[in-house]
Amino acid sequence: MKIGIIVAMEKELQQLQSLFKGDDVIVRQCGIGKVNAALGAAEMIKEHQPDVVISSGCAGGNGNDIQIKDVVVSAELSYHDVYCGKAIDDTTVYGQVQGLPARYQGDARLLAIAEEMKTQQKNVNIHTGLIVTGDWFVDSKEKMHEIISHFPDAKAVDMESAAIAQTCYKMGVPFISYRVISDVPLRDTDASQYHDFWNQVAETSFETTRHFVEALLKKA
C-alpha cells in the first residue's frame with residue numbers, strides 16, 4: 001500500500017516528514033488554500049498513484065467538547081464559503097458546488113480504523129465529524145459565528161481539506177482528513193491560541209497521524 005499525505009505549511013511538513021522514512025508514505029506540501037490544495041492533491045495522485053490520500057495539519061475547533069491538541073477526523077467535509085445560488089438549481093445547498101455532493105463522505109474503511117484508534121490512544125481525544133473548508137483564516141469570533149450559522153455541527157474549520165476531498169472524489173481515491181486543533185476561535189482573541197500552539201505545544205501533535213498510518217499499513 002502507498003499512502004500520500006498532504007499538508008499546507010512548511011512547519012507541518014517538517015514535523016510529518018520526521019515521522020515517516022519509508023517509501024510507502026509520501027509527504028508533500030501543497031500550500032495554503034483551496035486552489036493550492038486541489039492542485040497538490042491532483043499532482044500527488046498523478047505522480048505517485050497513492051492508494052489513500054490523507055490531509056493532515058492543524059485546524060480551528062468548534063464545540064464544547066473540542067480542546068486544543070484534540071484531533072478531528074473527517075466523517076464529512078464541505079465548504080463554508082461556497083454558494084451557487086438557486087437561480088438555476090433550487091436543490092443545491094449552501095456549501096455545495098453545483099453538480100457535486102453537498103458533503104463529501106469519509107471513506108468507510110478509513111473511518112473504521114480511526115474509530116478503533118479512539119480506544120487505543122488514551123492520551124489524545126479523537127473526534128469524528130464534519131470539517132468545513134474555506135479561503136479564510138478564522139481569526140475572529142464574528143467570522144466563526146458566521147460559519148457555524150451555516151454548519152452548527154462542524155467540529156473543525158480549515159483551508160484545504162474539502163478541496164482535497166473534492167479532488168479525490170473526482171479522481172477515485174479514498175480520502176480522510178486528520179486535523180489537530182490549534183485554536184478554538186470562539187474562545188480566542190486575535191488568534192492568540194493559534195500562535196501559542198506553534199510556540200508551545202505543536203511538537204508532538206502529529207503523532208496521531210503516524211499511529212493512523214501505521215494501523216492502515218498493518219491492515220493492508
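This is a predicted model: local features need pLDDT of at least 70, side-chain atom pairs count only at pLDDT 80 or more; totals for chains, interfaces and linings use all residues.
**Aromatic pairs**

A pair of aromatic rings is described by the distance of the centres and the angle of the planes. In this model the count comes to seven aromatic pairs. In one of them, the ring centres of Tyr104 and Tyr169 are 5.6 Å apart and the planes stand at 65°; the pair is edge-to-face because an angle over 60 degrees counts as such. Tyr104 belongs to strand E5 (residues 104-105) and Tyr169 to helix H5 (residues 161-171), so that the pair links distant parts of the chain, 65 residues apart.

Another pair is formed by Tyr178 and Phe212, whose ring centres are 4.7 Å apart with planes at 40°, so this pair is tilted. Tyr178 is located in strand E8 (residues 175-183) and Phe212 in helix H7 (residues 207-218); the pair therefore ties together parts that are 34 residues apart in sequence.

| Residue | Relative accessible area | Class |
|---|---|---|
| Tyr104 | 5% | buried |
| Tyr169 | 48% | partly exposed |
| Tyr178 | 1% | buried |
| Phe212 | 0% | buried |

Tyr169, at 48%, is partly exposed.

Ring pairs also join Phe137, Tyr194, Phe197 and Trp198 into a cluster. A charged side chain is involved elsewhere: Lys143 lies over the face of Trp136, 4.2 Å from the ring centre.

**Ser177 in strand E8**

Strand E8 also contains Ser177, which is buried with a relative accessible area of 0%. The side chains of Ser177 and Ser161 make a polar contact at 2.7 Å. Beyond residues up to four places away in sequence, Ser177 touches Ser55, Val72, Val73, Ser74, Leu77, Ile131, Asp158 and Ser161.

**Nonpolar cores**

The largest nonpolar core comprises 34 residues, and those with the most contacts inside it are Ile5, Ile54, Val73, Ile176, Tyr178 and Phe212. Helix H3 (residues 108-120) gives the most to this core, with five residues.

For Ile54, with neighbours within four places in sequence left aside, the contacts are Ile3, Gly4, Ile5, Ile6, Phe175, Ile176, Phe212 and Val213. A second, separate core has 27 residues, including Val53, Ala59, Tyr79 and Tyr104.

Methods:
Residues are numbered from 1 along each chain as its sequence is written. Side-chain values use heavy atoms; hydrogens and water are left out. Rings of Phe, Tyr and Trp (its six-membered ring) pair if their centres lie within 6.5 Å; planes under 30 degrees apart count as stacked, over 60 as edge-to-face and the rest as tilted. Helices (H or I, at least four residues) and strands (E, at least two) are DSSP runs, numbered from the N terminus. Buried means under 20% relative accessible area, exposed over 50%, partly exposed in between (1.4 Å probe, protein chains only). A charge sits over a ring if NZ of Lys or CZ of Arg is within 6 Å of the ring centre and within 35 degrees of the ring normal. A polar contact is a pair of N or O atoms within 3.5 Å; within protein, one must be able to donate a hydrogen and the other to accept it, and residues adjacent in sequence count only if both atoms are side-chain atoms. Contact means heavy atoms within 4.5 Å. A nonpolar core is a set of buried Ala, Val, Leu, Ile, Met, Phe, Trp, Tyr and Cys residues joined through side-chain atoms within 4.5 Å.
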